[in-house]
Protein chains: 2
Amino acid sequence: MRVLGLDPGLSLTGYGCVAADPTSPAGGRLVEAGVLRLPSRRPLAERLQALETDLAQVLDDLAPAVVAVESVFHHGRNPRTAIMMAHARGVLLLGAARRGLEVVELPPATVKRAATGSGRADKAQVQAAVAARLGLDGPPEPPDVADAIAIAFAAAARVLAPIPEPTVRDRSARTRG
Amino acid sequence: MRVLGLDPGLSLTGYGCVAADPTSPAGGRLVEAGVLRLPSRRPLAERLQALETDLAQVLDDLAPAVVAVESVFHHGRNPRTAIMMAHARGVLLLGAARRGLEVVELPPATVKRAATGSGRADKAQVQAAVAARLGLDGPPEPPDVADAIAIAFAAAARVLAPIPEPTVRDRSARTRG
């Protein structure tokens, strides 16, 4: 099962496609990663249309079953950037929904923890971890690519994780026992 | 020429369609207005897909040549609301671009000034002005509808405004005597 991680932006959207594989130590192998570059001088509506077209091409080529993005938080330093990014995020989520793909939203701390073991890792640590996982000398550039790959691996791990069997306990027996 | 004003939101998107008419004192007449209500309990991607479908229906039915929205500013009180709204705004702009419609982004102050004469009018004043223009006893409900109508009239006025002829002046003659 393939998982496409996306790191949305109005100039660059990073993508990374991972084939989930429980026999792999990393939980999967990277199929392809890259960026969707939008025409920066065009009006917003045209940029969004270009993004839609580029995403459709990636979905056609890579055929993921799951599309993963980070969940949106509002405590960023630059609300304007977050608002513009959300236009792109909306178009990407729409593209996934239109094809009936599963959409997974992961908190940023979950992505960091999956990559580095710590939910508080900084951006450079996440990128170094991605490079190490892929056996590269340095992280993929631009950083949006490394971020998208980290999202894809984190989502693949979740897809692979066995659902824990429910634990049945008779608490009354234990506490009143 | 018809202008469709949109007031995007993830729960409700208001729309108002105005036929621009230079012979009308208001600059046009209202063709139709209403709301697109999204399924509030569904995941974000599905809500965006529902919005896309609803917008397509409105564009089919009303056949506007121009789609108008307010430009986005980041000094709102609630960045999270603005970020979620921007997902919907992206989907609406994409829908317009895909059909090759002209997209007009108007600053909120321009919309207020067109409705009331003052760029600093508050929300209630804009809605009262919309009600007066349409000859209604009270503003259309929900408020998203009145806002969308105000956006449509402001954009229609811009569409109708004659392009001023270029003024040719010999500045050197004027300033150098």
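User: In this predicted model, where is the place of A:P142?

Analyst: The model is a predicted one. A:P142 sits in the loop of chain A that runs between α4 (123-134) and α5.

User: What is the peptide bond from B:E141 to B:P142, cis or trans, and where is B:P142 found?

Analyst: The bond from B:E141 to B:P142 is cis, and its omega is near -10°. B:P142 belongs to the loop between α4 (123-134) and α5 (143-160) of chain B.

User: Why is A:A63 called partly exposed?

Analyst: Around A:A63 there are 13 other C-beta atoms within 10 Å. A residue is buried at 20 or more such atoms and exposed at 12 or fewer. The value of 13 lies in between, so A:A63 is called partly exposed.

User: What is known of B:A63, and how do you know whether to call it buried, exposed or partly exposed?

Analyst: B:A63 is likewise not a glycine, yet has a positive phi of about 50°. The residue lies in the loop between α1 (44-62) and β4 (66-70) of chain B. With 13 other C-beta atoms within 10 Å, B:A63 counts as partly exposed, because the class covers values between the limits of 12 and 20.

User: Why is α3(A) called roughly perpendicular to α5(A)?

Analyst: Helix α3 (residues 108-116) and helix α5 (residues 143-160) of chain A pack at an angle of about 85°, and their axes are 9 Å apart. Angles of 65 to 115 degrees count as roughly perpendicular. The angle of about 85° falls in that range, and therefore α3(A) is roughly perpendicular to α5(A).

User: Which residues meet where α3(A) contacts α5(A), and how do they divide by class?

Analyst: From α3(A) come A:T110, A:V111, A:A114 and A:A115, which meet A:A150, A:I151, A:F153, A:A154 and A:A157 of α5(A). By class, this contact has eight nonpolar residues, one polar and no charged.

User: What makes β3 and β5 of chain B the edge strands?

Analyst: The five strands of this open sheet in chain B follow the order β3-β2-β1-β4-β5, with mixed pairing. β3 (28-37) and β5 (102-106) of chain B each pair on one side only, and are the edge strands. From one strand to the next, the twist averages 20°.

User: How do you know that β4(B) and β5(B) pair?

Analyst: Two strands pair if at least two bridges are found between them. β4(B) and β5(B) have five bridges, so they count as paired, and the sense is parallel. One of the bridges joins B:V66 to its partner B:E102 in β5(B).

User: What angle does α1(B) make with β3(B), and which strands does α1(B) lie across?

Analyst: α1(B) lies across β1 (2-7), β2 (12-20) and β3 of chain B, and runs at about 160° to β3(B).

User: Which elements of chain A touch chain B, and how many residues does the contact take?

Analyst: The contact takes 25 residues from chain A and 25 from chain B. On the side of chain A, the elements that give two or more residues are α1 (44-62) and α2 (79-98). α2(A) gives the most, with 15 residues. The residues on this side of chain A comprise 16 nonpolar, four polar and five charged.

Methods
Residues are numbered from 1 along each chain as its sequence is written. Chains are lettered from A and ligands numbered from 1 in the order in which they are written. This is a predicted model: local features need pLDDT of at least 70, side-chain atom pairs count only at pLDDT 80 or more; totals for chains, interfaces and linings use all residues. Axes are lines fitted to C-alpha atoms, for helices over the stretch in contact, and angles run from 0 to 180 degrees between N-to-C directions. Helices (H or I, at least four residues) and strands (E, at least two) are DSSP runs, numbered from the N terminus. Angles under 35 degrees count as roughly parallel, over 145 as roughly antiparallel, 65 to 115 as roughly perpendicular and the rest as oblique. Two residues are in contact if their C-beta atoms, placed from the backbone, lie within 7 Å. Ala, Val, Leu, Ile, Met, Phe, Trp, Tyr, Cys and Pro count as nonpolar, Asp, Glu, Lys and Arg as charged, and the others, Gly among them, as polar.
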